[in-house]
Amino acid sequence: MLSKEFQAVYDIFKRNFYASMCANSKELTMQEAFSLDIIHMLGNPTILEYANYMGISQPNATYKINQMIDKGYLIKEVYEKDKRAYKLQVTKKFLSLYRDNDRYIKKVLKEVENTFSKEEVQLLEKMLKDVKKQMSNL
């Protein structure tokens, strides 16, 4: 039962995030929204690191990256350690869409705080910290 509920909450956050990004940009595809999210989470990967993470060829990754650059959501910068490679960086345009999700999360958390007692909220926070720690160690 716990895994079902955890998965359901995760799916709601994920669904809201990608739907919000695509609806607010009107030009991003769902695949591009996902790719930008991955690039952001990887922390400025090289094109090869992104390609390897996504399980796609470097030429395919470069093609997809160039589309996101053309739309203004991504930039490439020469990688200082290897001048032949590029680091990927999301732009302010992407981050403004990304922050829309922060508003959703704040709204959800406000509802949690209004629904549950202070002790229950503190217990939830502790449990989430423990889950995060366990997930980070896998």
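Before we start, please keep in mind that the model is predicted: local features need pLDDT of at least 70, side-chain atom pairs count only at pLDDT 80 or more, and totals for chains, interfaces and linings use all residues. Residues are numbered from 1 along each chain as its sequence is written, and side-chain values use heavy atoms, with hydrogens and water left out.

Let's begin with the overall build. The protein has six helices and two strands; these are DSSP runs, with at least four residues (H or I) for a helix and at least two (E) for a strand, numbered from the N terminus. Reading from the N terminus, the order is α-α-α-α-β-β-α-α. The radius of gyration is 18 Å, well over the 14 Å that the globule rule gives for 138 residues, so the protein is more spread out than a compact globule. That radius is taken over C-alpha atoms, and the rule is 2.2 Å times the number of residues to the power 0.38. Along the principal axes, the C-alpha atoms fill a box of roughly 55 × 35 × 25 Å.

How much of the protein is buried? Buried residues make up 26% of the 138, where buried means under 20% relative accessible area, exposed over 50%, and partly exposed in between, using a 1.4 Å probe and protein chains only.

One buried example is Ser 25, at 12% relative accessibility. Ser 25 belongs to helix H1, residues 2-25. Leaving aside residues up to four places away in sequence, Ser 25 touches Tyr 73 and Leu 97, a contact being heavy atoms within 4.5 Å.

Now for the charged pairs. Across the whole structure there are eight salt bridges, meaning a side-chain nitrogen of Lys or Arg within 4 Å of a carboxyl oxygen of Asp or Glu.

One of them joins Glu 27 and Lys 93, with the closest N and O atoms 2.7 Å apart. Glu 27 sits in the loop between H1 and helix H2, while Lys 93 is in helix H5, 66 residues apart. Glu 27 is partly exposed at 33%, and Lys 93 is partly exposed at 35%.

Another joins Glu 32 and Lys 71, again with a closest N and O distance of 2.7 Å. Glu 32 is in helix H2 and Lys 71 in the loop between helix H4 and strand E1, 39 residues apart. Here Glu 32 is buried at 8%, whereas Lys 71 is partly exposed at 23%.
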